[in-house]
Structures are given as C-alpha cells and as structure tokens.
Amino acid sequence: MLDKDQVVQIFLEKALKNSSFKILPLAGDASTRKYYRVVLDNTSWVLMSWDPFDPIKYPFTSVLEHFHQSHVHVPQIVAMSPTDGLVLLEDLGDLTLERKFWEQQNPEGAFLFYKLAIDELIKIHFEATKNKKPCTAFDIEFNVEKFVWEMNYGKDNLIKGVLNFTLNDKVDLEIQNVFHKISTELHLQPKFISHRDYHSRNLMIKLDKMYVIDFQDARMGPIQYDLVSLIKDSYVDITEDFGEKILNYYLQAAKSNLKNFSEEEFYHIYELQSIQRCFKACGSFASFFHQRQDRRYLKYLSGTLKKVMKSLTAFPEYKVFSDIIIDSGALEKKFDLL
C-alpha cells in the first residue's frame with residue numbers, strides 16, 4: 001500500500017503533468033485539514049489534504065460549487081482525488097483582509113476593501129440563498145440548540161476552564177435561561193445562508209478582488225451573524241464609527257432583499273447576535289489554551305470580552321450574565337501572561 005506522500009506525489013504529477021514541483025507546508029486552521037503550497041516554475045497552487053470524501057456531500061466542495069454558481073469569489077478547484085482526500089486549488093496568495101487592514105494608516109484606507117468584503121457577503125446571503133440547487137448549507141442551521149451550544153462553549157472553556165470560576169447550581173441555571181432566551185430570539189429571525197466565520201483571516205485579496213475561504217461550515221442563519229463576525233472581528237481594531245460605516249454600506253446594498261425591514265429591529269438583533277457570537281469566539285480562543293495549551297489566541301480574549309460587555313449594556317434583563325463575567329475576573333485577567 002502506498003503511503004500518503006507517495007499518493008500525493010502521484011496525484012500532483014498527474015494533475016500538473018510534471019514532476020519537478022516543490023511542496024511547501026502552509027499554516028492551517030484549527031481543523032484536521034492540512035495545506036501545502038505547490039510550486040512549479042513561476043506558478044503555484046494550494047493542496048488541501050484531508051480524509052476521503054464524497055464531493056457531492058462533502059461541505060467544502062458542495063459549498064464551494066454553490067458559491068461559485070452564485071458568483072461569490074472562491075478559489076477554483078484545479079484537480080481532486082476524493083478517494084485520497086486531496087484537492088488542488090487555485091493559489092490566492094497570502095494577502096488577507098486582516099493584513100491589509102493593519103497596512104493602512106487610517107480606517108478610510110481600509111474601507112475600499114471592506115466594501116469588497118460586503119459585496120461578497122451580499123451574494124452569499126441573498127444570491128446563494130435564492131439558488132435552490134442542492135448544497136450542504138441548506139441542510140444545517142443556526143437554531144436554539146446550536147446557539148446555546150456555542151454559548152456554553154464560552155462558559156465551559158473560558159469561565160469554568162481558563163478562569164477556573166465555579167458557578168453554583170442556582171446561578172448556572174440562571175445563565176442557562178439567559179442563553180436559551182438569547183438563542184431563541186436569534187433562532188426566530190429570518191434565515192439566509194451564513195458563512196459562519198466571515199472575518200478578516202478568511203478573506204483573501206488577489207489583484208482587485210476579494211475571495212472567500214474557509215466556507216465549509218456554511219449554514220442557514222440570521223444575516224447579523226456574519227456581520228458581527230466581520231465588524232466585531234477579534235483580529236482587527238474596528239472603531240465604532242468605522243463599524244457603523246461598514247454596516248450602513250451593507251444595509252444600503254441589501255435594501256432590495258430585505259422585506260418588511262425595521263431598522264430598530266435590525267440593530268436590536270445585531271447587538272443580541274454580538275453577545276452570542278463574540279462570547280462564542282471567546283470560547284474558541286479559550287479552548288485552544290484550555291484543551292491543548294495553544295497560547296496563540298489568548299491575546300484576543302480581552303478585546304473580545306469587552307465587545308460582549310458593551311452589547312450586554314443594551315440588555316439589562318441579562319445582568320446575571322454580565323455579573324458572571326465581572327465576578328469571574330475575566331475583565332482584569334492578563335490572559336497573555338498565562
């Protein structure tokens with residue numbers, strides 16, 4: 001039986017009709033997928049290596065094809081071998097929206113690129129949702145159970161895990177009630193295809209276009225989920241004014257697709273979604289350290305927690321939640337010194 005390296009070599013030789021290529025490892029995400037840059041002369045590609053898959057049912061290929069049909073900029077598949085778990089993709093380079101943001105001397109310089117990001121998001125939310133061809137994104141959704149699970153992920157990994165803060169049974173039940181109420185209200189919103197991780201590290205700039213990656217977890221959900229992911233992104237420092245400008249651009253572009261639109265209701269859900277989505281992000285950052293001692297994401301915890309607290313001020317009925325964050329010492333904790 002051939003080992004994985006031999007399988008990769010044969011696959012690439014067949015796809016590129018050449019054996020003189022070089023394979024360089026790339027930093028991957030938190031999943032089991034592995035990525036490599038394949039270089040041949042002056043051309044390069046990205047190789048994704050995973051387990052064997054069914055290209056119709058495999059979320060990565062299913063969503064990629066659906067987004068492509070809906071004119072969303074996604075990397076092109078050059079070749080694939082489903083039985084070997086290999087996909088050769090167009091190389092989008094290394095310029096993320098995060099890097100472009102930090103290169104700018106002021107937010108105005110970054111606005112052009114955020115407009116491009118919003119343009120792609122409009123296509124995901126509306127054009128891709130209207131395209132009713134089969135796609136795995138239609139088969140799963142953000143519902144009460146999923147939203148509650150994400151919030152508990154924050155509680156278990158940050159509050160109970162990293163901070164080692166004990167909740168008595170009464171307070172724990174009160175927190176569960178808060179999580180359930182927030183999640184129920186979000187679940188009742190109209191649902192569109194949601195990318196699920198639409199932040200600056202999953203948006204790539206190639207020439208004059210914005211490309212979307214890491215879309216395999218796409219599912220049905222409120223439009224505010226992706227907007228919070230982008231505008232309250234933990235990896236960049238978006239001011240309130242700049243965030244409002246990005247949001248206004250989205251609303252203007254989405255106007256014809258939003259029926260019975262209420263600005264007051266939209267912003268209400270946006271702040272509620274901010275609590276849920278940002279606390280989920282805290283859970284992810286904390287879990288990397290709590291579960292496998294990965295310290296790289298600890299530096300993003302404090303800023304993201306402040307976003308949760310700011311949005312909670314609009315919901316005094318959820319004071320028990322903000323009290324837990326305060327009482328656990330989360331706001332004073334120097335996470336990067338752990």
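Q: How many aromatic pairs does the structure hold?

A: The model is a predicted one, and it holds 29 aromatic pairs. The rings of Y58 and F60 give one case: their centres are 6.3 Å apart and their planes stand at 35°, so this pair is tilted. Both Y58 and F60 are buried.

Q: Why is the pair of F266 and Y267 edge-to-face?

A: The angle between the planes decides the matter, since planes over 60 degrees apart count as edge-to-face. The planes of F266 and Y267 stand at 90°, with the ring centres 5.4 Å apart, so the pair is edge-to-face. F266 is buried, and Y267 is buried as well.

Q: Which residues do ring pairs link into a cluster?

A: The cluster consists of W50, F53, Y58, F60, F67 and F215, linked by ring pairs. Two of its members, Y58 and F60, form the tilted pair described above.

Q: Which charged ends sit over rings?

A: There are two cases to consider here. The charged end of R201 sits over the ring of Y235, at 3.7 Å from the ring centre. The charged end of K245 sits over the ring of F111, and here the distance to the centre is 4.4 Å.

Q: Which residues of α4 and α7 meet?

A: On the side of α4, the residues are Y114, A117, I118, L121, H125 and F126; on the side of α7, they are I223, D226, L227 and L230.

Q: How many residues of α7 are buried?

A: Nine of the nine residues of α7 are buried, so this helix is largely enclosed by the rest of the structure. Among them are Q224, Y225, V228 and S229.

Q: How do α7 and α9 cross, and which residues meet?

A: Helix α9 covers residues 263-292; its axis and that of α7 come within 8 Å and cross at roughly 60°. The two helices are therefore oblique to each other, and their crossing is right-handed. Residues of α7 including I223, Y225 and V228 meet residues of α9 including F266, Y270 and R277.

Q: Is the crossing of α6 and α9 left-handed or right-handed?

A: Helix α6 passes α9 in a left-handed crossing. The axes of α6, which covers residues 169-187, and α9 come within 10 Å and cross at roughly 125°. These helices are therefore oblique to each other. F179, I182, E185 and L186 in α6 meet residues of α9, among them H268, L272 and F279.

Q: Where is W102 found, and which residues is it in contact with beyond its neighbours in sequence?

A: W102 is found in helix α3, which covers residues 97-103. At 49% relative accessibility, W102 counts as partly exposed. Leaving aside neighbours within four places in sequence, W102 is in contact with Y235, V236 and D237.

Q: Is V236 buried or exposed?

A: V236 is buried, with a relative accessible area of 4%. V236 lies in the loop between α7 and α8. Beyond neighbours within four places in sequence, V236 is in contact with E98, F101, W102, Y114 and S200. V236 and H199 are 37 residues apart along the chain, and their C-alpha atoms are separated by 9.3 Å.

Q: Which loop holds H71, and what is the value of its phi?

A: H71 is found in the loop between α2 (59-69) and β4 (77-81). Its phi is near 70°, a positive value in a residue other than glycine.

Q: Where does N260 lie, and is N260 buried or exposed?

A: N260 lies in the loop between α8 (240-254) and α9. At 81% relative accessibility, N260 counts as exposed. The phi of N260 is near 50°, again a positive value in a residue other than glycine.

Note on methods. Residues numbered from 1 in each chain as written. Predicted model: local features only at pLDDT ≥ 70, side-chain atom pairs only at ≥ 80, totals over all residues. Heavy atoms only, no water. Phe/Tyr/Trp six-rings, centres within 6.5 Å; stacked < 30°, edge-to-face > 60°. Buried < 20%, exposed > 50% of the residue type's maximum accessible area, 1.4 Å probe, protein only. Lys NZ or Arg CZ within 6 Å of the ring centre and 35° of its normal. Contact = heavy atoms within 4.5 Å. Helix = DSSP H or I, 4+ residues; strand = E, 2+ residues; numbered from the N terminus. Axes fitted to C-alpha atoms, helices over the stretch in contact; angles between N-to-C directions. Parallel < 35°, antiparallel > 145°, perpendicular 65-115°, else oblique. Left-handed = near helix turned anticlockwise from the far one by under 90°.
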